[in-house]
Amino acid sequence: MRAAVRAVSPSASGLLFALADQPFLESGDFETLIAEHRRATHAIVRACYAHEPGSPVLFARDYFPLLLELRGREGGRSVIARHPDAVRDVELPPAHGRDLDRPED
């Protein structure tokens with residue numbers, strides 16, 4: 001996450017993090033998250049599936065300094081936990097959030 005924050009364009013208003021093991025996400029899902037970011041430009045926009053928080057997550061530029069402080073395996077959840085009032089949850093179709101963790105998936 002730190003590397004992404006360091007590499008992002010200075011003109012970017014936010015940074016969207018997605019996981020590689022969610023192949024069922026569609027371009028419209030990303031567009032929905034970005035649209036919410038445009039409405040709430042200082043928010044953390046998080047995907048939810050059947051009211052359960054998940055990924056992807058879009059962090060507004062306001063949170064870049066906190067993302068740069070992350071160490072080791074610590075991820076964006078710790079930033080979200082420190083700023084729950086800034087989170088805007090966006091419901092996406094549950095099937096789109098399915099991740100593939102095991103060979104049988």
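**Exercise 1. How many salt bridges does a search of the whole structure find?**

Solution. The model is a predicted one. A search of the whole of this structure finds three salt bridges.

**Exercise 2. Determine where E36 and R39 lie, and state for each residue whether it is buried or exposed.**

Solution. Step one is the contact: E36 and R39 form a salt bridge, with 3.1 Å between the closest N and O atoms. Step two is the location. Both residues belong to helix α2 (residues 27-39), and they stand three residues apart, about one turn of the helix. Step three is accessibility. Buried means under 20% relative accessible area; E36 has 17% and therefore counts as buried. Exposed means over 50%, so R39, with a relative accessible area of 62%, is exposed.

**Exercise 3. Identify the strands that hold D89 and R46, and classify both residues by accessibility.**

Solution. Begin with the distance: in the salt bridge between D89 and R46, the closest N and O atoms are 2.7 Å apart. This pair links distant parts of the chain, since D89 is in strand β4 (residues 87-92) and R46 in strand β2 (residues 44-49), 43 residues apart. Next, consider accessibility. D89 has a relative accessible area of 46%, so D89 is partly exposed. R46, at 16% relative accessibility, counts as buried because that value is under 20%.

**Exercise 4. Describe the salt bridge of R102 and classify both partners by accessibility.**

Solution. First, find the partner: the side chain of R102 meets that of E104 in a salt bridge, at 3.1 Å from N to O. Second, compare each value with the cut-offs. The relative accessible area of R102 is 49%, so R102 is partly exposed. For E104 the value is 60%, which means that E104 is exposed.

**Exercise 5. Characterise the largest pocket by its volume, its lining and the classes of its residues.**

Solution. Start with the volume, which is about 600 Å³ for the largest pocket. This pocket is lined by 23 residues, and those closest to its centre are L19, S55, G75, G76 and R77. Then consider the elements involved: β3 (52-60) and α4 (76-82) each supply at least two residues of the lining. Of the contributions to this lining, that of β3 is the most, with five residues. Finally, sort the lining by class: nine residues are nonpolar, seven are polar and seven are charged.

Terms used
Residues are numbered from 1 along each chain as its sequence is written. This is a predicted model: local features need pLDDT of at least 70, side-chain atom pairs count only at pLDDT 80 or more; totals for chains, interfaces and linings use all residues. Side-chain values use heavy atoms; hydrogens and water are left out. On a 1 Å grid over the protein atoms alone, a cavity is a set of points where a 1.4 Å probe fits but cannot get out, and a pocket is an open set with protein on both sides within 12 Å along at least five of seven lines; lining residues have an atom within 4 Å of a point. Grid points are joined across faces, edges and corners, and a volume is the space filled by probe spheres set on the points. Helices (H or I, at least four residues) and strands (E, at least two) are DSSP runs, numbered from the N terminus. Ala, Val, Leu, Ile, Met, Phe, Trp, Tyr, Cys and Pro count as nonpolar, Asp, Glu, Lys and Arg as charged, and the others, Gly among them, as polar. A salt bridge is a side-chain nitrogen of Lys or Arg within 4 Å of a carboxyl oxygen of Asp or Glu. Buried means under 20% relative accessible area, exposed over 50%, partly exposed in between (1.4 Å probe, protein chains only).
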